[in-house]
Amino acid sequence: MLDRKKSFKLKKLAAGVLAASMSVTLMAGTAFASVDYSAYAPTSGMSLKESDDDKDVATGATAAANTVVLSVLGLDVASTNGAGIYNSSGKTSNYGADSSNLGIFGTDLNDSPDPYLYNFYYNLYTTQSGGGTYSTTDYVAWTAAPYTLLWESNKSGPTGQASGTVEIAVSGYTTKTTNPAFYYEPDILLGGSTNGYASELANYQTAYNSDYNPTVFLGYGTSTGMYAANGSRSDGLGLEYNQFDMCTGVVYLGSVVQNMVNTSGETTRYDQGAYEIAVNYDKYDRGLYYYVLRQIANGSLTQVRYASSLSYDEDTEMYTVKCGTSRAAQYASGIGQDIYELLEDGYTFSDDSSYTQSGSSYLLTVDQLIEILNAPTIADDEDDDANTAATGIIIGSEVSAVDTEYGDLEAAGIRGLDDLPECVYGMTMQTVENGMGIPFYIGYFYYNQDSTLNPANYISYWIENFYHVSKVANMQIIFEQMMDEADSPDGLDYSDFVISDDYSASTVESQIQAGITYYTGTLKGVYQSMATAGEIDSDSALFWTSLDENVGIGSTVQDTNEGYTCTATSSFTDNFDNTIYKYTFTKN
């Protein structure tokens with residue numbers, strides 16, 4: 001297993017520099033007029049033929065955050081739960097108007113809307129009661145079909161949280177008493193432990209269709225499934241963002257979906273196949289990460305310091321600095337320098353003041369905290385340029401406490417990062433959207449040094465390529481909704497960012513490709529040498545999964561019709577104690 005000290009060593013080696021500093025200011029998120037998706041709610045239902053140009057699009061059933069990855073890969077969502085369709089907040093209070101999921105994937109804003117979500121939104125928004133959320137008796141007034149079925153009421157369904165069935169009658173479909181997850185006989189069942197799916201699927205096959213044999217993408221405990229999120233969740237695709245293991249999982253799922261549709265003769269909704277989308281997702285995250293490490297290593301960027309796990313004790317007036325293991329810490333890890341690492345290495349303050357170690361934590365005064373974040377230069381009120389070489393970022397809500405006690409973080413060149421873009425489900429949940437984390441943090445950390453590292457550009461790229469909204473006007477609508485309250489770096493106002501003028505996909509892709517080149521040409525060999533020398537274990541040296549250079553960004557071959565076979569070759573435990581499977585991908 002790769003421990004934290006070795007993890008730090010790898011990141012230092014990759015960056016090739018010690019932490020330094022630059023000038024920035026405390027900046028709040030900028031505001032747009034509130035976006036209400038009801039303005040884009042469907043005004044009529046959508047048939048399957050209308051939605052997919054006579055293509056037979058594959059369907060899936062899942063739950064909660066897993067719903068997003070089905071949509072990103074281009075499958076129709078036949079069944080999920082309330083949390084899956086209404087973001088993470090359960091039943092909406094505004095008939096779907098405040099659901100990013102329905103607004104992005106269930107309206108004509110999308111390049112190819114999901115007809116199941118589209119009809120769900122139409123039925124929900126046009127029915128006065130807004131019914132059909134939990135009680136299946138409300139479905140009788142719904143006229144547009146098929147629509148996504150919810151399994152919230154009896155907690156049955158994809159995660160197998162409880163057994164049970166409900167009686168369902170959908171217009172144009174046979175009335176069934178069954179688990180909603182199986183009603184439309186979706187092609188893939190995503191998530192669920194082996195026991196969670198097996199018994200209910202068997203019951204459905206016995207009662208209705210013994211020939212129904214979906215692809216079941218199971219959870220942890222099997223090399224043919226996905227790693228477990230922290231080894232504790234039982235709903236399968238636990239998309240915890242632990243460095244890059246999530247990327248591995250998404251690519252594997254993309255290959256499973258690609259193989260499934262190639263075998264069945266079905267397809268997915270978008271021009272890119274599921275596997276190509278997944279590979280591009282992988283490259284988007286990893287490529288930008290390694291691009292920034294390259295820029296730090298060659299001196300083009302000065303590495304930013306940050307605190308990712310900070311708490312304040314009002315009685316002692318001391319700040320506790322811990323080793324961050326949150327997703328925020330994982331996003332920042334490597335691209336910046338965690339002050340916890342500096343304290344572990346025996347940091348010396350300018351006045352030689354001492355600090356206390358308490359277990360695995362360190363206790364600092366506010367002045368010590370400001371210095372270690374902001375060294376080597378602290379702002380001087382009499383010299384406006386004194387903090388031009390200084391920087392520091394406090395991740396999380398504690399920035400307000402520090403600002404209150406210290407008096408003026410802006411003058412000290414310290415920024416806070418707490419408010420993230422508003423997503424379908426969230427950048428800090430178990431969701432494929434965590435893939436926006438590293439790019440957004442890169443932009444927030446370094447836009448002040450290099451304006452091409454623009455978080456607005458990275459989020460726009462996501463909207464176009466993973467939310468599949470490519471019309472400029474529609475991209476602008478989604479962008480404004482997402483960035484309404486997001487923190488912005490000094491010098492960037494999201495409300496001034498105009499997709500038609502400011503968005504550059506080519507800039508993002510050139511950075512991705514440069515980052516991949518830096519890794520394959522430099523870092524991979526260094527990691528392998530360290531493994532040979534016994535400094536790290538061999539599995540940790542292969543932390544980067546093999547990228548498919550023949551598909552997606554930077555490739556010369558864009559073949560989405562050819563099948564792929566995915567084989568789990570081995571597994572290892574990463575530095576956040578997750579079991580990670582490594583896979584090889586071969587074209588059929």
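Student: Where does Glu 317 lie?

Tutor: Glu 317 is in the loop between strand 9 (310-313) and strand 10 (318-321). Strands here are DSSP runs of E with at least two residues, helices are H or I runs of at least four residues, and both are numbered from the N terminus. One caution: this is a predicted model, where local features need pLDDT of at least 70, side-chain atom pairs count only at pLDDT 80 or more, and totals for chains, interfaces and linings use all residues. Residues are numbered from 1 along each chain as its sequence is written, and side-chain values use heavy atoms, with hydrogens and water left out.

Student: What is the phi of Glu 317 near?

Tutor: Near 55°, a positive value in a residue other than glycine. Most residues other than glycine have a negative phi.

Student: Is Glu 317 buried or partly exposed?

Tutor: Partly exposed, at 46% relative accessibility. Buried means under 20% relative accessible area, exposed over 50%, and partly exposed in between (1.4 Å probe, protein chains only).

Student: And what about the phi of His 468?

Tutor: Positive too, about 60°, and His 468 is not a glycine. His 468 lies in the loop between helix 16 (455-465) and helix 17. His 468 is buried, at 4% relative accessible area.

Student: Which residues does the cis peptide bond join?

Tutor: Ala 145 and Pro 146, with omega about 0°. Pro 146 sits in the loop between helix 6 (115-126) and strand 3 (149-150).

Student: Switching to rings. How many aromatic pairs are there?

Tutor: The count is 28. Rings of Phe, Tyr and Trp (its six-membered ring) pair if their centres lie within 6.5 Å; planes under 30 degrees apart are stacked, over 60 edge-to-face, the rest tilted. Take Phe 479 and Tyr 494: their centres are 6.5 Å apart and their planes at 85°, so the pair is edge-to-face.

Student: What does that pair tie together?

Tutor: Parts that are 15 residues apart in sequence, because Phe 479 lies in helix 17 (residues 472-483) and Tyr 494 in the loop between helix 17 and helix 18 (499-502). Phe 479 is buried, at 0% relative accessibility. Tyr 494 is buried as well, also at 0%.

Student: Which charge lies over the face of Tyr 444?

Tutor: Arg 415, at 4.6 Å from the ring centre. The rule wants NZ of Lys or CZ of Arg within 6 Å of the ring centre and within 35 degrees of the ring normal. Lys 176 lies over the face of Tyr 183, at 5.3 Å.
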